[in-house]
Amino acid sequence: MPEPYRIGVLGLTHDHVWGNLQDLNASDDGVLVAAADPNGPLLEQVQQQFRCTTYSEYDALLEREQLDAVYIFSDNAAGAGLTEKAAAKGLHVLIEKPMAADVAGADRMLAAARRAGVRLMVNWPFAWWPQMQKALAMAAGGDIGDVWQVKYRAAHAGPKELGCSTYFCDWLFDAARNGGGALIDYGCYGAVLARRLLGVPSRVTAVAGRVVKEDITVEDNAVLIMSYASAIAIAEGSWSQIGNLTSYVTTIYGTQGTLMIEPRVGGRLLLATDEHPDGAEVEVPPALPHFRNATAHFLHCLRSGSEFFSLCNDRVGRDAQEILTAALISAREGRHVSLPLTFTSTSGEFGHR
């Protein structure tokens, strides 16, 4: 059996890190060697849970450890610089969605990976839903005809209400470190689905604002509309929704059918057609072992040399980031924004609508 890949973790402030490290701990293909983060309590937590070496400085980990790849779970703004540092060391990178705070950061990451000849994968948690994998395959295979609309709504009552850690909330509510607020954090899912299914839109229109929450300075709700020559995509992000109704549901509309993807592992995939207008459940096979989580997929693709799943492709992630940057500009300036952008960064706060 080949030696497991030696993995380091750069950043522990993104709460998604813990589930991904559990998957790594359970894998025979990789081993967690070390983790770095400036926050002492997080280093104590990772050391206690996974018995790895810890560092308070990222550079120290990269200088002292012999690694094959890194996981990056920092704030969005820091991810670009950390990717550049890791790539310069010849390390492959798995980074959590949406990969950067703006498209300028995403461009830096792609350039660094290409320059160093390393692999860069963006983890989108819904990529590992078997029903999502099946739906994307059906749409690509023409099972619902030509796709003319994609819609995704990501929504909950808010990061604090959801139970996110203080470390996570600190940067989610910081426009500079996150890139925005709910538009970036939750609008990104619909943006990447639109990019995957329809390509890069010709223009983006968005509205965003602090609609409900009084204690944050970033937007708590956003709606993005992505326009194509013969299609429309809609992405919704909310940090103020009560209950789970409509949350995380994906709908793909085609000229010959409609797919509705229920959320989370175990959710159903429904197909509506002229013969079955109310929808019928589609049989969804269990995910292949290397499609069950980000770790399994990342390490399998490193070992086999195969391409990353299309949702996790770094170019697709980069283009989704451009859509998000355009959406921030649109929401702030109240206008349509054409793609490609002629400038590549934006930041700022949203007040009450």
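Contact here means heavy atoms within 4.5 Å. The model is predicted.

**The sheet and its helices**

The strands belong to an open sheet of six, ordered S3-S2-S1-S4-S5-S6, with parallel pairing. Strands S3 (53–55) and S6 (120–123) stand at the edges. Each has a single partner strand, so one side of each is left without a neighbour in the sheet. From one strand to the next, the twist averages 25°.

Strand S2 (residues 30–36) runs parallel to S3, joined to S3 by three bridges. In one of these strands, S3, threonine 53 is the bridge partner of alanine 34. Helix H2 (residues 40–50) also packs on the sheet. H2 touches S2 and S3, and its direction makes about 160° with that of S2.

Which residues of H1 (residues 17–25) are buried? They are Val17, Trp18, Asn20, Leu21 and Leu24. These residues cover an arc of only 160° around the axis, which puts them on the same side of H1. An α-helix has 3.6 residues a turn, so residues three or four places apart point the same way.

**Salt bridges**

The structure holds 17 salt bridges.

Lysine 97 and aspartate 185 link distant parts of the chain, 88 residues apart. Lysine 97 sits in the loop between S5 and helix H5 (103–116). Aspartate 185 is in helix H10 (residues 182–185). Buried means under 20% relative accessible area. Lysine 97, at 2% relative accessibility, therefore counts as buried. Aspartate 185 is buried too, with a relative accessible area of 8%.

Glutamate 236 lies in strand S10 (residues 232–238), and arginine 153 in strand S7 (residues 147–155). The pair therefore ties together parts that are 83 residues apart in sequence. Glutamate 236 counts as buried, at 15% relative accessibility.

Arginine 318 and glutamate 322 pair within helix H13 (residues 314–333). They are four residues apart, which means a separation of about one helical turn. Both are buried. Arg318 and Glu322 also belong to a network of salt bridges that links them with Asp107, Arg195, Arg315 and Asp319.

Conventions:
Residues are numbered from 1 along each chain as its sequence is written. This is a predicted model: local features need pLDDT of at least 70, side-chain atom pairs count only at pLDDT 80 or more; totals for chains, interfaces and linings use all residues. Side-chain values use heavy atoms; hydrogens and water are left out. Buried means under 20% relative accessible area, exposed over 50%, partly exposed in between (1.4 Å probe, protein chains only). Helices (H or I, at least four residues) and strands (E, at least two) are DSSP runs, numbered from the N terminus. The arc is that of the directions from the helix axis to the C-beta atoms. Two strands pair if DSSP finds at least two bridges between them. Axes are lines fitted to C-alpha atoms, for helices over the stretch in contact, and angles run from 0 to 180 degrees between N-to-C directions. A salt bridge is a side-chain nitrogen of Lys or Arg within 4 Å of a carboxyl oxygen of Asp or Glu.
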